[in-house]
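Here's a quick tour of one model, loop by loop and then out to the sheet and helices. Have the structure open and follow along.

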Amino acid sequence: VDRGREAAVAAGLAEVMTFSFVEPEADALCATLPLCPGEPVHLENPLAQTQGTMRRSLLPGLLSAARDNLNCGERSVAIFEEGRVFAADPDGPLEAERLALALAGGGIYRGVDSRVDFPQLKGVVTAVLERAAFPPVVWRRGGAPWLDDSEGAVLETTAGTAVGIAGMLAEELSSRWELKTGVYVAEIDLEAALEHLPVPAFQALPRFPAVVTDMTVEHPQEIAYSDLETMVRELAGSRVEKVELRARFTGKGLPQGAVRTTLRLVYRHPERSLTQDEVNAEHEDLRQRLAERLGVRFA
């Protein structure tokens, strides 16, 4: 819990606190979330009709806080909440620690021309996961009906267990919370974090220079970036020490449903300098095998 809170503050987010009670209608929507546990816990004597159920997600309260800040004239929102969620279960009551965040307007970058987007959200969430000592996480497209179909992801461990969601709030949910601008949200299960911080690993600085090569892949939108990167790393072999995303382009000049993704590959041999001809040959072989495996084209 402490690591999660410290990670969110270090990422530039301001902490908020909301009620642990939500209105029953909002709780019913939470039942569609991947992390939603058990059955709702309804109160017999709620303080108000809008606080009749114990929360099963932090997102309803966080969205209300984001809306109130925006309605008060804030042009940029970058907030998080750490707290417990509650549910009923045949074996007894459930309580779990969660961390949720919301970005709107400029997000953590408050410049006049700055607008929050999915890459900014992913960067913040990734920083939080790493600092809070989560195991390796894979981003899978999903999160509907809470998240937008084109900018939503479910965060899973390599074993396939969902530990969070992240993406742009779906238009229907934005209307429900009367949000007049796009809001990017995430919620992660702090129970999935490792008990202890991993021991830092160090390695010697490389003795030989690297050769950097870019590759622009044209592929269907259905191929997620994570799958493309995983396949490139699998086919590239040990001489490619790093694969980085440089750009993604959709729109004018491309077939409908197509994406152009530019990757930067760093080639390096551990025992000698590579020649440009060697890198060119390996790079061309990688392109051919990638085309055979995924059916992609190269720009």
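Start with E178, which sits in the loop between α5 (171-176) and β9 (183-189). In this predicted model, phi of E178 is near 55°, a positive value in a residue other than glycine. Is E178 buried or exposed? Its relative accessible area is 55%, so E178 is exposed, the cut-off being over 50%.

A133 also shows a positive phi, near 65°, and again the residue is not a glycine. You'll find A133 in the loop between α4 (118-131) and β6. With a relative accessible area of 3%, A133 is buried. For context, most residues other than glycine have a negative phi, and most peptide bonds are trans.

That brings us to a peptide bond worth a look. A144 and P145 are joined by a cis peptide bond, with omega about 5°. P145 belongs to the loop between β6 (137-141) and β7 (147-157).

## The sheet and the helix on it

Now for the sheet. Seven strands make up an open sheet with mixed pairing, and going across, the order reads β1-β4-β5-β9-β8-β7-β6. Which strands are at the edges? They're β1 (14-15) and β6, each of which pairs on one side only.

Zoom in on β4 (residues 77-87) and β5 (residues 94-104): these two run antiparallel and are joined by 11 bridges.

## Where α6 meets α7

Next up is a helix pair. Helix α6 (residues 225-236) packs with helix α7 (residues 276-294) at an angle of about 130°, and the axes are 10 Å apart. At that angle, α6 is oblique to α7. As for handedness, the crossing of α6 and α7 is right-handed.

Who makes the contact? On the α6 side it's L228, M231, V232, E234, L235 and A236, while α7 brings L286, R289, L290, R293 and L294. Sort the residues of this contact by type and you get 8 nonpolar, no polar and 3 charged.

Q51 lies in the loop between α2 (24-30) and β3 (53-54). Its relative accessibility is 13%, so Q51 counts as buried, the cut-off being under 20%. What does Q51 touch? Leaving aside residues up to four places away in sequence, Q51 is in contact with F19, F21, V22, E23, L43 and P46.

F202 is found in the loop between β9 and β10 (211-220). Buried or exposed: which is F202? At 78% relative accessibility, F202 counts as exposed.

Key
Residues are numbered from 1 along each chain as its sequence is written. This is a predicted model: local features need pLDDT of at least 70, side-chain atom pairs count only at pLDDT 80 or more; totals for chains, interfaces and linings use all residues. Side-chain values use heavy atoms; hydrogens and water are left out. Helices (H or I, at least four residues) and strands (E, at least two) are DSSP runs, numbered from the N terminus. Buried means under 20% relative accessible area, exposed over 50%, partly exposed in between (1.4 Å probe, protein chains only). Axes are lines fitted to C-alpha atoms, for helices over the stretch in contact, and angles run from 0 to 180 degrees between N-to-C directions. Angles under 35 degrees count as roughly parallel, over 145 as roughly antiparallel, 65 to 115 as roughly perpendicular and the rest as oblique. A crossing is left-handed if the near helix is turned anticlockwise from the far one by less than a right angle, and right-handed if clockwise. Contact means heavy atoms within 4.5 Å. Ala, Val, Leu, Ile, Met, Phe, Trp, Tyr, Cys and Pro count as nonpolar, Asp, Glu, Lys and Arg as charged, and the others, Gly among them, as polar. Two strands pair if DSSP finds at least two bridges between them.
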